[in-house]
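Subject: Structure for your review

Dear colleague,

Please find below the structure that I am handing over to you. My findings are set out after it.

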Amino acid sequence: MNITVLYFAQLKQNRGLAEESVETDGGTVGGLYQSLAEQHSLGLPIEQIRTARNEVFCRPETPLEDGDIIAFMPPMSGG
Amino acid sequence: MRFQVSNEPVDPASLRSGLLSKTAGGYCSFEGWVRNHHLGRDVIRLEYEAYPSLARKQGESVLAQAFDQYDIENAIAVHRTGSLEPGELAIWIGVSAAHRDAAFEACRYIIDTIKETVPIWKHEFYTDGTEVWVDPTDCSCAHSHEE
């Protein structure tokens, strides 16, 4: 299945890009993060990030579906 | 839309005028300003990055929670994105209510919850040429120890 991955802030800087298309056999949002974090040295453990699926916050256990837009976000620091 | 993410400077006077009401007995606002120092370092500018679509949804949700929890008449909030210099307005929140207690409490709730849950990030640039993505959960950050 094909997943669009969005990176923000520190994660975007560490990955060197804001968005990429990833082919995966399935699994969960958290599993995808862990695999990408290892591959690209993203730097933050899954426990420290927030995840969203199709513009809705989601838990790392959420299953992936073909065509999903998955966002990986460091701790918010607005305000 | 009660919550906005804006790449342009914010005008507090026009935002306030949108809240004026003869049924409200009080109004409370909060302005977050760009500070020229952080952890003893001199900040020359900062950049706010957002996940705009999710930030708008989450910001609306925070304001909706404030309406549920406090007896307020109206509430709006605007968060800046892009490059800002010290002294500039980073966030503006305004709340009107029949009575002042609800306005104060809701305003405090809104700023605290926006900071914690709305996907916006602060990238600080220092006079010595270095830069840091601010992480409020990082223990080396003094924010968690100030209060």
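This is a predicted model: local features need pLDDT of at least 70, side-chain atom pairs count only at pLDDT 80 or more; totals for chains, interfaces and linings use all residues.

Overall fold. Chain B contains four helices and nine strands, and their order along the sequence is β-α-β-β-β-α-β-β-β-α-β-β-α. Its C-alpha atoms occupy a box of roughly 50 × 30 × 25 Å along the principal axes. Of the 147 residues in chain B, 33% are buried. Among contacts in chain B with a separation of 6 or more, 77% join residues 24 or more positions apart.

Helix H2 of chain B. This helix covers residues 52–69, 18 residues in total, and spans 26 Å from its first C-alpha to its last, close to the 26 Å expected. Its buried residues are B:Leu54, B:Ala55, B:Gln58, B:Gly59, B:Val62, B:Leu63 and B:Ala66. Viewed down the axis of H2(B), these buried residues fall within an arc of 165°, so they line one face of the helix. An α-helix has 3.6 residues a turn, so residues three or four places apart point the same way.

Nonpolar core. The largest nonpolar core has 54 residues, and those touching the most other members are B:Ala66, B:Ile72, B:Ala77, B:Val95, B:Ala106 and B:Ile110. H3(B) supplies the largest share of this core, with seven residues. Leaving aside residues up to four places away in sequence, B:Ile72 touches B:Ala66, B:Phe67, B:Val95, B:Ser96, B:Ala97, B:Ala102, B:Ala103 and B:Ala106.

B:Asp71 is located in the loop between H2 and strand S5 (74–80) of chain B. With 13 other C-beta atoms within 10 Å, B:Asp71 is partly exposed.

Contact between the chains. Chain B contributes 24 residues to the contact and chain A contributes 15 residues. On the chain B side, the elements giving two or more residues are strand S4 (41–50), H2, helix H3 (100–117) and strand S8 (120–126). H3(B) gives the largest share of that side, five residues. By class, the side of chain B that touches chain A has 13 nonpolar, five polar and six charged residues.

Yours sincerely

Technical notes. Residues are numbered from 1 along each chain as its sequence is written. Chains are lettered from A and ligands numbered from 1 in the order in which they are written. The expected span of a helix is 1.5 Å times one less than its number of residues. A residue is buried if 20 or more other C-beta atoms lie within 10 Å of its own, exposed if 12 or fewer, and partly exposed in between; C-beta atoms are placed from the backbone. The arc is that of the directions from the helix axis to the C-beta atoms. Two residues are in contact if their C-beta atoms, placed from the backbone, lie within 7 Å. Ala, Val, Leu, Ile, Met, Phe, Trp, Tyr, Cys and Pro count as nonpolar, Asp, Glu, Lys and Arg as charged, and the others, Gly among them, as polar. A nonpolar core is a set of buried Ala, Val, Leu, Ile, Met, Phe, Trp, Tyr and Cys residues joined through C-beta atoms within 7 Å.
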